[in-house]
Amino acid sequence: AALPPGPQPGPVWGLHNYLDANRMRTTGTQALLAATTGQVWMTETGGIVRRTNVKRITFPESASHAAAATRWIFKKLVPLSPRITRVYLYHWDAEPGASWDSGLIGEHGEIRPAFRVVRSVLQTPRAGT
């Protein structure tokens, strides 16, 4: 999706949309878009490789799942609206022993499939950018 040129009027909303990304749905993102005006920044999103905290999750956890979720972000969520003007993936690299892993780079420096998705998105020419 092409980003609109220049600053946008109105407020800027930050969205942590892990559930939409990892459950491969659009409902939460669409609800925020319907309830607000102004820019929407995905301020924390990404595919989850592994979580070891106490909360149960209901979607797969793996490097391949994280790549599919990352692909979903750019192919399905970002195109929902030109008001979505920024995407901040969390996080760049996995930290050994951390309870949350959504890194594009693994604990030992290996490039994960989600990194390749991001590289492909960045290398794809888009009109108006």
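**Exercise 1. Classify Asp-101 as buried or exposed, and identify its salt-bridge partners.**

*Solution.* Asp-101 has a relative accessible area of 2%. Buried means under 20%, so Asp-101 is buried in this predicted model.

Next, consider its partners. Arg-112 forms a salt bridge with Asp-101, with 2.7 Å between the closest N and O atoms. Arg-112 lies in the loop between strand 5 and helix 4, while Asp-101 belongs to strand 5, so this pair ties together parts that are eleven residues apart in sequence. Arg-50 also forms a salt bridge with Asp-101, and here the closest N and O atoms are 3.6 Å apart. That pair links distant parts of the chain: Arg-50 is in strand 3 (residues 50-51) and Asp-101 in strand 5, 51 residues apart.

As a general principle, side chains of opposite charge can pair when their charged atoms come close.

**Exercise 2. Describe the surroundings of Arg-112.**

*Solution.* First, locate the residue: Arg-112 is in the loop between strand 5 (100-101) and helix 4 (113-123). Its relative accessible area of 10% makes Arg-112 buried.

Second, list the contacts. Leaving aside neighbours within four places in sequence, Arg-112 is in contact with Val-49, Ala-94, Asp-101, Gly-103, Leu-104, Ile-105, Gly-106 and Glu-107.

**Exercise 3. State which residues touch the most other members of the largest nonpolar core, and which elements supply two or more of its residues.**

*Solution.* The largest nonpolar core has 20 residues, of which Val-40, Met-42, Ile-73, Phe-74, Leu-77, Val-78 and Ile-84 touch the most other members. Two or more residues come from each of helix 2 (27-35), strand 2 (39-45), helix 3 (63-77) and helix 4.

Take Phe-74 as an example: not counting residues up to four places away in sequence, Phe-74 touches Pro-79, Val-87, Leu-89, Val-118 and Val-121. A second, separate core of five residues includes Tyr-18, Ile-48, Ile-57 and Trp-100.

**Exercise 4. Compare the span of helix 3 with its expected value, and find what its buried residues pack against.**

*Solution.* Helix 3 has 15 residues and reaches 20 Å from its first C-alpha to its last. At 1.5 Å a residue the expected span is 21 Å, to which the computed value is close.

The buried residues of helix 3 are His-65, Ala-66, Ala-67, Ala-69, Thr-70, Trp-72, Ile-73, Phe-74 and Leu-77. These residues pack against helix 1 (18-23), helix 2, strand 2, strand 4 (84-89) and helix 4.

Definitions and conventions
Residues numbered from 1 in each chain as written. Predicted model: local features only at pLDDT ≥ 70, side-chain atom pairs only at ≥ 80, totals over all residues. Heavy atoms only, no water. Helix = DSSP H or I, 4+ residues; strand = E, 2+ residues; numbered from the N terminus. Buried < 20%, exposed > 50% of the residue type's maximum accessible area, 1.4 Å probe, protein only. Contact = heavy atoms within 4.5 Å. Salt bridge = Lys/Arg side-chain N within 4 Å of Asp/Glu carboxyl O. Core = buried A, V, L, I, M, F, W, Y, C linked by side-chain atoms within 4.5 Å. Expected span 1.5 Å × (residues − 1).
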